[in-house]
Amino acid sequence: GVFMTKLFKLLYVVAGLALIALPAQAHEKGDWLLRVGGGAVNPDSDNSEIVSVDDGVSVVFNGSYFFTPNVAVEVLAALPFSHDIELLGGGGKVGETKHLPPTVSVQYHFDLGGAFRPYVGAGVNYTIFFDEDTTGALEGANLDLDASFGVAAQVGADIDVSDRMFLNFDIRWIDIETEATVSADGSPDLVFDVDIDPMVYSLTLGWKF
């Protein structure tokens, strides 16, 4: 969308200035990187045969601890993401839910000798769903989404703007699969799988300690 396009343009400009203007500041064992900013969760468009889960945005924050100059462990947290749930085939909105996606990853940070610091990572995610509500065709029914445990992968870059402050852009794929149960008085439960499997994009400001 327009918002993500503007983020990419900003990052290109900042990365170019950083590469020209800033000396290399190599990471060391024991360094902490703390980041806070905005994140967007973009679920797979083919969630299930019954419903579609839309995008959600929220505040994200994470921290990386370096065990070596290149290897770090990162913990990702966020304020709750909120998603609308719609019936396929033009059925409209039938519910909404919130979720929290805590993720722990092992990262490898590449030292290119400059202020642009790309990395890759892999880890595990535990997603908790809560505040499920129903509306429209499911008004009055109960909706329950089970918690999800799965793998996560990421690529990203830290871009120094000073010796202690940097910008970060991060792209993740998270394996989120949940079982949805819709129950109503006098009717058998409707149980179906929802493969959310989102791409998660974040732009954050970070500090090195």
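Predicted model: local features only at pLDDT ≥ 70, side-chain atom pairs only at ≥ 80, totals over all residues.
## Strand pairing

Strand E10 covers residues 148-160 and pairs with strand E8, residues 116-134. The two strands run antiparallel and are joined by twelve bridges. Within E10, Gly150 has Asn125 standing opposite.

E10 and E11 together form a hairpin, and four residues lie between them.

## Aromatic pairs

The structure contains three aromatic pairs. One of them joins Tyr65 and Phe67, whose ring centres are 5.0 Å apart; their planes meet at 85°, so the pair is edge-to-face. Tyr65 is partly exposed, at a relative accessible area of 26%, and Phe67 is likewise partly exposed, at 47%.

Tyr108 and Phe110 make another edge-to-face pair, with a distance of 5.1 Å centre to centre and an angle of 70° between the planes. Tyr108 counts as partly exposed at 39% relative accessibility, and Phe110 counts as partly exposed at 37%. Ring pairs also bring Trp32, Tyr65 and Phe67 together in a cluster.

Thr181 belongs to strand E12, which spans residues 177-184. Its relative accessibility is 16%, and because buried means under 20%, Thr181 counts as buried.

Leaving aside residues up to four places away in sequence, Thr181 touches Asn142, Leu143, Asp144, Asp189, Leu190 and Val191. One of these contacts, Leu143, is also among the residues closest to the centre of the largest pocket.

## The largest pocket

The largest pocket has a volume of about 160 Å³. It is lined by 19 residues, and those closest to its centre are Val51, Ile85, Val94, Leu143 and Phe192.

Several strands contribute at least two residues each to this lining: E2 (51-53), E5 (81-87), E6 (92-100), E9 (142-145), E12 and E13 (187-195). By class, the lining of the largest pocket consists of 15 nonpolar and four polar residues, with no charged residues.

## Enclosed cavities

Rolling a probe the size of a water molecule over the atoms shows where empty space is left. In this model, there are three cavities of 30 Å³ or more. The largest cavity has a volume of about 60 Å³. Its lining is made up of Val60, Leu76, Ala77, Ala78, Phe81, Pro101, Arg172, Ile174, Val200 and Ser202. Two or more lining residues come from each of strand E4 (71-78), E11 and strand E14 (199-208). E4 gives the largest share, three residues. The lining of the largest cavity divides into eight nonpolar residues, one polar and one charged.

The second largest cavity has a volume of about 50 Å³. Val41, Val53, His83, Thr97, His99, Phe129, Ile176, Ile196 and Pro198 line this second cavity. The classes here are six nonpolar and three polar, with no charged residues.

Key:
Residues numbered from 1 in each chain as written. Heavy atoms only, no water. Phe/Tyr/Trp six-rings, centres within 6.5 Å; stacked < 30°, edge-to-face > 60°. Buried < 20%, exposed > 50% of the residue type's maximum accessible area, 1.4 Å probe, protein only. Pairing = 2+ DSSP bridges. Contact = heavy atoms within 4.5 Å. 1 Å grid on protein atoms, 1.4 Å probe; cavity = no way out; pocket = protein on both sides within 12 Å on 5 of 7 lines; lining within 4 Å. Points joined across faces, edges and corners; volume = space filled by probe spheres on them. Nonpolar A, V, L, I, M, F, W, Y, C, P; charged D, E, K, R; others polar.
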